[in-house]
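I opened this entry to record what I looked up, residue by residue and then for the chain as a whole. Which contacts, helices and overall dimensions would I want to have written down?

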Amino acid sequence: MIPKPGSSETRPIGIPSFEDKLLQRAVLMLLEPIYEQDFYDCSYGFRPGRSTHQAIDAIWKHTMNVKGGFVLEVDLRKFFDFTGGV
């Protein structure tokens, strides 16, 4: 148990053991070939041989190939908060 900063409470410290890592790797080696074929080619999250930089590059190239298109960033969280009249 280690102390929590700014508190008198404690929390357990979790240190993964060698056996845990070994089991995780074995499960990965078993399941990855089965499920990898189900992913779309445009999927980059947590896949072998794929990186964040490749995903950003793919988005950039696709965005540049769309002539006359727009990229919008919209925050919809506050949209449904409207309760007033017109």
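I began with R47, which, once its neighbours within four places in sequence are set aside, is in contact (heavy atoms within 4.5 Å) with E36, F39, Y40 and D41. I then noted the basis of the entries: the model is predicted, local features need a pLDDT of at least 70, side-chain atom pairs count only at pLDDT 80 or more, and totals for chains, interfaces and linings use all residues. Residues are numbered from 1 along each chain as its sequence is written, and side-chain values use heavy atoms, with hydrogens and water left out.

I found R47 in the loop between α1 and α2 (52–65), where helices (H or I, at least four residues) and strands (E, at least two) are DSSP runs numbered from the N terminus. The side chains of R47 and E36 are joined by a polar contact of 2.5 Å; the term stands for a pair of N or O atoms within 3.5 Å, of which, within protein, one must be able to donate a hydrogen and the other to accept it, and residues adjacent in sequence count only if both atoms are side-chain atoms.

Is R47 buried or exposed? R47 has a relative accessible area of 10% and is therefore buried, given that buried means under 20% relative accessible area, exposed over 50% and partly exposed in between (1.4 Å probe, protein chains only).

F46 also has its place in the loop between α1 and α2, but F46 is exposed, with a relative accessible area of 90%. Most residues other than glycine have a negative phi.

I checked α1 (residues 18–36), whose 19 residues reach 26 Å from the first C-alpha to the last, close to the 27 Å expected; the expected span is 1.5 Å times one less than the number of residues. Where does α1 bend? The bend, of about 30°, is at L30, and a proline, P33, follows within four residues; the angle is taken between axes fitted to the seven residues ending there and the seven starting there.

For α2, I recorded 14 residues and a reach of 20 Å, close to the 20 Å expected. I also noted that α2 is hardly covered, with a count of 1 buried residue among its 14.

**The strand region**

I looked up R11 in strand β2 (residues 10–11) and found that R11 counts as partly exposed, because its relative accessibility is 38%. The C-alpha atoms of R11 and M1 are separated by 5.3 Å, although the two residues are 10 residues apart along the chain. E9, in the loop between β1 and β2, touches I2, P3 and K4, not counting residues up to four places away in sequence.

**The whole chain**

I read the pattern along the sequence as β-β-α-α. The radius of gyration, taken over C-alpha atoms, is 23 Å, whereas a compact globule of 86 residues would have one near 12 Å by the rule of 2.2 Å times the number of residues to the power 0.38. Buried residues make up 2% of the 86 residues.

Last, I noted that pLDDT, the predictor's confidence in each residue from 0 to 100, averages 84 over the chain, with 94% of the residues scoring at least 70.
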